[in-house]
Amino acid sequence: MRIITMIMIVMHHFAVHGGFEFGGTGVSWNRIWVQILSGGGRLGVDIFILISGYFLINSEYKPKKVITLALQIMEYALLYALLAVCTGEIDVTSVRDGIMLIVKAVLSIPYGEYWFATAYFILYMFSPYLNRLIKSLNKEMHFKLIITSVVIWCLFPRLLGASFDFNYVVWFATLYFIAAYLRLYPVNFKNMKKICWLVAGGSYILLLSLIVVFDILSIKNPAFTYYVSSVREMNSPLTLVCAIFTFLAFGTLTIQSKVINNIALTTFGIYLLHDNPKIRNLLWGKIFSVNTYIRSPFFILYSLFVIGIIFSVCSIIEMLRMKVSERLRRKWK
């Protein structure tokens with residue numbers, strides 16, 4: 001599930017960072033395809049947090065994991081700071097600029113170099129306190145906590161436009177509550193396998209369909225542009241339903257594969273490697289020049305090629321980094 005959702009996230013980044021400008025140019029298959037690619041990114045984020053919450057609720061808090069996570073983020077942030085300077089993506093005109101570039105890379109979590117990494121790090125730091133809170137509640141109170149959180153952070157912002165000062169951390173906490181409930185009060189969804197897959201697949205198709213329809217409507221009425229981004233946001237009701245039932249549907253499967261597990265371990269590294277804001281223009285605009293193919297009849301094939309290459313190369317790089325880190329840790333011991 002992590003592999004599939006990371007592929008969806010790479011697809012989303014292809015669409016939103018590719019620099020595609022359609023405006024009022026009319027409907028085309030390539031335009032529709034870009035909107036389809038954009039639909040799974042925020043959904044993937046929700047699924048990742050559901051996976052984390054499902055396991056963290058019964059896990060022991062490990063300071064070692066905090067350090068490992070922080071070092072992994074810092075390593076890639078430093079690498080890309082150097083790469084951005086060498087490729088001219090960032091101009092360093094003074095010693096102060098150089099120092100600040102290094103400081104922001106080393107402290108990439110508090111500076112929000114990667115928004116997801118920062119929010120996830122905060123969630124993990126607070127996970128033992130969230131666990132204590134959740135386990136102090138009975139089943140009914142836990143369910144009421146979920147309903148209250150969904151109403152405040154999902155229904156009000158997406159249906160009424162009332163934000164309640166929405167932010168990523170509180171939404172991640174809401175997903176954490178949901179995942180913990182599924183773990184602590186399990187239901188045998190294997191008896192509902194078909195229903196889970198139908199709801200997951202149906203809600204995903206509906207999600208993509210609405211994105212495409214709103215985008216087409218925005219050609220004549222730009223006001224619909226808001227609904228394109230709103231319906232695919234991580235706290236939209238449709239995205240939440242799709243994420244939960246996708247999570248439950250995968251829970252009905254029994255898969256034993258060392259290869260799949262090894263690739264799944266690299267997914268966070270794939271995110272860090274391909275979505276650093278300092279190299280987005282370099283990656284999408286200069287290396288792959290994705291927006292120059294927007295009117296090509298081979299655009300769909302090219303997009304799949306680029307997404308596959310990015311996922312595969314980043315996965316291999318992360319595997320190598322993990323092996324080097326493991327060897328260094330053994331030597332230090």
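**Figure 1. Salt bridge between Asp-275 and Arg-280.** Asp-275 has a relative accessible area of 2% and is therefore buried. The structure shown here and in the following views is a predicted model. The partner of Asp-275 is Arg-280, and the closest N and O atoms of the pair lie 3.1 Å apart. Arg-280 counts as partly exposed, because its relative accessibility is 23%, and the cut-off for a buried residue is under 20%.

**Figure 2. Helix H13, residues 267-274.** Eight of the eight residues of this helix are buried, so helix H13 is largely enclosed by the rest of the structure.

**Figure 3. Surroundings of Phe-116 in the largest nonpolar core.** This core comprises 82 residues, of which Phe-14, Phe-116 and Phe-172 touch the most other members. Helix H8 (residues 168-184) makes the greatest contribution to the core, with eleven residues. Leaving aside residues up to four places away in sequence, Phe-116 is in contact with Val-45, Phe-48, Ile-49, Phe-172, Phe-268 and Tyr-271.

**Figure 4. Salt bridge between Arg-42 and Glu-233.** The closest N and O atoms of these two residues are 3.6 Å apart. Arg-42 belongs to helix H3 (residues 41-56), whereas Glu-233 lies in the loop between helix H10 (225-232) and helix H11 (237-251). The pair thus links distant parts of the chain, 191 residues apart. Both partners count as buried: Glu-233 has a relative accessibility of 18%, and Arg-42 has one of 16%.

**Figure 5. Salt bridge between Glu-140 and Lys-144 within helix H7.** The two side chains meet at an N to O distance of 3.2 Å. Both residues lie in helix H7 (residues 139-160), four residues apart, which is about one turn of the helix. An α-helix has 3.6 residues a turn, so residues three or four places apart point the same way. Glu-140 is exposed, with a relative accessible area of 52%, while Lys-144 counts as partly exposed at 43% relative accessibility.

**Figure 6. Salt-bridge network of Glu-75, Glu-318 and Arg-321.** These three residues are linked through a network of salt bridges. A search of the whole structure finds eight salt bridges.

Notes
Residues are numbered from 1 along each chain as its sequence is written. This is a predicted model: local features need pLDDT of at least 70, side-chain atom pairs count only at pLDDT 80 or more; totals for chains, interfaces and linings use all residues. Side-chain values use heavy atoms; hydrogens and water are left out. A nonpolar core is a set of buried Ala, Val, Leu, Ile, Met, Phe, Trp, Tyr and Cys residues joined through side-chain atoms within 4.5 Å. Buried means under 20% relative accessible area, exposed over 50%, partly exposed in between (1.4 Å probe, protein chains only). Helices (H or I, at least four residues) and strands (E, at least two) are DSSP runs, numbered from the N terminus. Contact means heavy atoms within 4.5 Å. A salt bridge is a side-chain nitrogen of Lys or Arg within 4 Å of a carboxyl oxygen of Asp or Glu.
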